[in-house]
Amino acid sequence: MCRLFWTAASFVMILQWSSTSIVHAVKTKNTDMRAEIVRNAFRHAWAGYTGFAFGHDELLPVTNDTSDSRNGWGASIFDALDTMVIMGLDQEYEEALKHVARTDWYSTKVPSKTFETNIRYLGGLLSAYDLRPDPILLRIAIELADTVILPAYRTPNGIPAAYVNVAKGLPTRDTGLILAEFGSLQLELVRLSQLTGNTTYATIANRVIHTIDQVPTSYPGLYPITWDLETFTPSSGYITISGGGDSYYEYLLKTYILMDGDETRQLSMWKEAVASMRKYLRSETGDGMIFLSDINEDYRLLRTGELVCFMPANLLLGGRYLKDSQIEEFAEELMKSCYDTWAVTPTGIAPETWSWVDKNQNSSRFPVAMQTSMETVGYIAEDLSYDLRPETIESLFYFYRITGDPKYQDMAWKIFQSIEKYCKTSSGYTRIANVFNTDAVEPLNFQESYFFAETLKYLYLIFSEPSLISLDEYVFNTEAHPFKLNTPIRVQATF
């Protein structure tokens with residue numbers, strides 16, 4: 001039994017390609033002018049990046065300096081490739097492709113983080129290839145996988161290490177692992193196998209997930225986020241759907257879909273995890289807001305954050321795909337609360353993390369400041385920053401495409417307007433420190449590559465014709481890179 005606890009602590013072969021498979025992004029005419037405004041936001045940020053930081057991983061959009069937090073290979077370029085195709089930005093895309101073709105994976109001076117390299121670089125290459133097939137993209141993707149990602153699996157038990165020494169072609173000696181990192185590499189590697197005909201990539205990645213399924217856990221389907229590589233057992237009892245756990249659960253369902261239903265084991269794991277989320281993690285405030293808590297051993301910690309707000313999308317996708325109305329209802333209540341978390345702040349932007357008082361707790365036992373926060377905004381903000389995150393926007397995209405209800409477009413538009421007002425700089429968009437102070441949001445001078453890959457892509461697609469990157473035809477990786485399904489599914493609403 002989980003005890004309730006509140007915490008104020010503020011985580012081969014390259015197949016022949018055909019021009020007939022090119023995505024029809026540039027041929028799709030948007031009737032909603034909001035899509036064009038989002039497109040202009042991308043062009044503004046891209047102009048700043050190319051003007052001050054092209055070839056580097058990120059732009060520092062307040063000082064116009066550069067950052068190389070992802071090995072210096074140009075993460076923003078790889079992350080933006082498919083967004084440029086989708087938006088029909090052909091000139092920008094062609095310039096980006098020239099950089100991709102020149103990439104030297106051995107140029108990095110620091111170890112590659114396996115998970116981040118996989119979702120941003122490999123994911124970006126595979127998605128761009130799916131949308132606009134070019135042998136260069138697939139060749140570079142194979143080089144990346146063989147040179148940087150597969151070496152992570154060269155461990156005694158075949159579990160991928162967190163980091164790879166690219167020059168040596170070997171994993172680093174670190175033995176600490178994070179669930180969402182070693183447990184969500186399979187979607188990209190499955191797609192690479194599908195495109196190349198080399199099953200090795202999919203086999204080694206899916207084998208890891210099958211091994212996870214054999215590890216005992218106190219909460220069916222839910223696993224602690226920290227693990228030991230050598231013993232392949234959890235090194236703590238901390239369970240969260242936020243950073244460290246998030247994409248592990250996301251990929252169980254999506255891999256099943258991408259593999260045409262062949263990975264039934266991963267679907268079963270996803271169903272079991274969702275059932276436990278409802279039973280052990282779901283918490284409701286006195287005003288009816290629904291959040292997913294964390295667990296530490298046998299204590300439930302009432303804290304969550306924006307990173308968890310991808311879950312309404314994942315639940316709705318699974319619920320509609322499986323025709324499970326209970327899962328859809330679960331998704332809907334989480335979606336409403338995620339959006340409301342944004343709507344009640346002075347800036348209209350959600351904080352990074354927050355906690356709350358459960359409806360079954362006596363709120364009068366908490367400090368007055370916490371009671372006041374619960375009464376005014378419905379939760380207790382912890383980390384007040386915003387890092388240009390896309391998770392609530394991502395869920396709004398799924399809800400619009402799957403339900404057809406335009407209210408989700410209006411919600412997304414309000415979020416975009418807030419980002420435009422408080423995060424925009426002369427050369428891009430920056431993370432900010434305080435979403436509760438409209439007079440001083442305190443720009444933090446950093447523009448993540450996922451702002452191009454996720455935030456702006458989801459916003460653009462929400463206001464575009466629903467046939468553009470239909471959820472019936474594509475599955476998105478955790479960095480919002482869409483992979484083409486070999487067999488279409490039926491989840492999107494009829495518009």
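This is a predicted model: local features need pLDDT of at least 70, side-chain atom pairs count only at pLDDT 80 or more; totals for chains, interfaces and linings use all residues.
Which residues does I241 touch, not counting residues up to four places away in sequence?

**Figure 1. Surroundings of I241 in the largest nonpolar core.** With residues up to four places away in sequence not counted, I241 touches L222, D246, Y249, M277, L281, L292, D294, V308, F310 and M311. The largest nonpolar core comprises 167 residues. I241 is among the residues with the most contacts inside this core, together with I212 and M277. In soluble globular proteins, nonpolar side chains tend to be buried together.

**Figure 2. Crossing of helices α1 and α2.** Helix α1 spans residues 33-52 and helix α2 spans residues 75-87; their axes come within 12 Å and cross at roughly 145 degrees. The crossing of α1 past α2 is left-handed. On the α1 side, the contact is made by V38, R39, F42, W46 and Y49. The α2 side contributes S76, I77, A80, T83, M84 and M87. Sorted by class, the contact of α1 with α2 contains 8 nonpolar, 2 polar and 1 charged residues.

**Figure 3. Crossing of helices α3 and α5.** The axes of α3 (residues 90-101) and α5 (residues 135-149) come within 10 Å, and the angle at which they cross is roughly 35 degrees. This crossing of α3 and α5 is left-handed. From α3, the residues Y93, L97, V100 and A101 meet I136, L137, R139 and I140 of α5. By class, 7 nonpolar residues, no polar residues and 1 charged residue form the contact of α3 with α5.

**Figure 4. The open sheet β7-β8-β9.** The sheet consists of 3 strands in the order β7-β8-β9, with antiparallel pairing. Strands β7 (176-178) and β9 (233-234) stand at the edges and have a single partner strand each, so one side of each is left without a neighbour in the sheet. Strand β8 (residues 226-228) runs antiparallel to β9 and is joined to β9 by 2 bridges. W227 stands opposite P234 in β9.

Figure 5. R389 lies in the loop between β17 (380-381) and α14 (391-403). Leaving aside neighbours within four places in sequence, R389 is in contact with E306, L307, W342, E352, Y450 and T455. Between R389 and D298, the separation is 91 residues in sequence and 30 Å in space, C-alpha to C-alpha.

Note on methods
Residues are numbered from 1 along each chain as its sequence is written. Side-chain values use heavy atoms; hydrogens and water are left out. Axes are lines fitted to C-alpha atoms, for helices over the stretch in contact, and angles run from 0 to 180 degrees between N-to-C directions. Helices (H or I, at least four residues) and strands (E, at least two) are DSSP runs, numbered from the N terminus. A crossing is left-handed if the near helix is turned anticlockwise from the far one by less than a right angle, and right-handed if clockwise. Contact means heavy atoms within 4.5 Å. Ala, Val, Leu, Ile, Met, Phe, Trp, Tyr, Cys and Pro count as nonpolar, Asp, Glu, Lys and Arg as charged, and the others, Gly among them, as polar. Two strands pair if DSSP finds at least two bridges between them. A nonpolar core is a set of buried Ala, Val, Leu, Ile, Met, Phe, Trp, Tyr and Cys residues joined through side-chain atoms within 4.5 Å. Buried means under 20% relative accessible area, exposed over 50%, partly exposed in between (1.4 Å probe, protein chains only).
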